[in-house]
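Dear colleague,

Here is the structure I promised to hand over, and below it I have written out what was found. Please keep the model open while you read.

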Amino acid sequence: MDARKTTDGRAARSAATRVRVARAATRLFTTGGYTATSIASIAEEAGVATQTVYYAFGTKAAVLKEALDQAVAGDAEPVATLERPWVRAALAAQDPHELVRLQVRGTARIMVRVAALVEVLRGAAPSQPELAELWRTNTEQRRTVHTVFARALADRGALREGLDAQEAADTLLGLLSPELYTLYTGQLGWSTDRWAAWAADAVGHQLIGPPDSGS
């Protein structure tokens, strides 16, 4: 038997298992909460042995991290957010308002997948140090992505007078946060499309100014 094929097959099965476990955990975390969800229940939902989950992840917090990572990406491929095609396309836009529109559209697609899980993490983080660290990391990762977009606007000379790239990034972090998305779509009943239109308008006005302002 070809050893390389055996290794590749084993890796493919392992990756498929991680996807199944992450999807199962997402369903349980977002319906029953983090504390009430056990490794055993995740394994049962995923159709694998409990020991398989422990072997692949080690801890329940690591399962949540994997679920978050896959939700952000939309897949299990090891491709960073800043290397994703939608990000590259947005950053390539020369018109600042088009750049913002594409950024918000990509963010909206991510929010559909990840917002409920982020709420799970945010709710559980205060009582569990490992999750508190994961929450800080998640926030910093989002801030890093927004900083790249803010600098792209600054490089185009598009930011409002007196607004630097770091403050612009902080503004993006707030306006495009899972918390605001959840408030508008969950509690206020907005559709994702309505939120995206509002967010693009809000970001444009806060960072750039109206399209006809000459900014």
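Predicted model: local features only at pLDDT ≥ 70, side-chain atom pairs only at ≥ 80, totals over all residues.

Helix H1 (3-32), helix H4 (60-73) and helix H6 (96-124) each supply at least two residues of the lining of the second largest pocket, where helices are DSSP runs of H or I with at least four residues, numbered from the N terminus. A pocket here is an open set of points on a 1 Å grid over the protein atoms alone, where a 1.4 Å probe fits and protein lies on both sides within 12 Å along at least five of seven lines, and its lining residues have an atom within 4 Å of a point. H1 gives the most to this second lining, with four residues, and among the residues that line the second largest pocket are Val19, Arg23, Gln70, Asp75 and Arg113.

Residues are numbered from 1 along each chain as its sequence is written, and side-chain values use heavy atoms, with hydrogens and water left out.

The largest pocket holds about 710 Å³ of space and is lined by 33 residues, of which Asp69, Val72, Ala73, Thr81 and Gln141 lie nearest its centre. H4, H6 and H7 each supply at least two residues of that lining, and the largest share, nine residues, comes from H6.

Turning to helix packing, H4 and H7 pack at an angle of about 20° with their axes 10 Å apart, the axes being lines fitted to C-alpha atoms over the stretch in contact and the angles running from 0 to 180 degrees between N-to-C directions. H4 and H7 are therefore roughly parallel to each other, a term that covers angles under 35 degrees. Their contact (heavy atoms within 4.5 Å) is made by Ala61, Leu64, Lys65 and Leu68 of H4 and Glu130, Leu131 and Leu134 of H7.

Helix H5 (residues 85-92) and helix H7 (residues 129-155) also pack at an angle of about 20°, with their axes 10 Å apart. In this pair, Trp86, Val87, Ala90 and Leu91 in H5 meet Val148, Phe149 and Ala152 in H7.

With best wishes

Notes: Points joined across faces, edges and corners; volume = space filled by probe spheres on them. Parallel < 35°, antiparallel > 145°, perpendicular 65-115°, else oblique.
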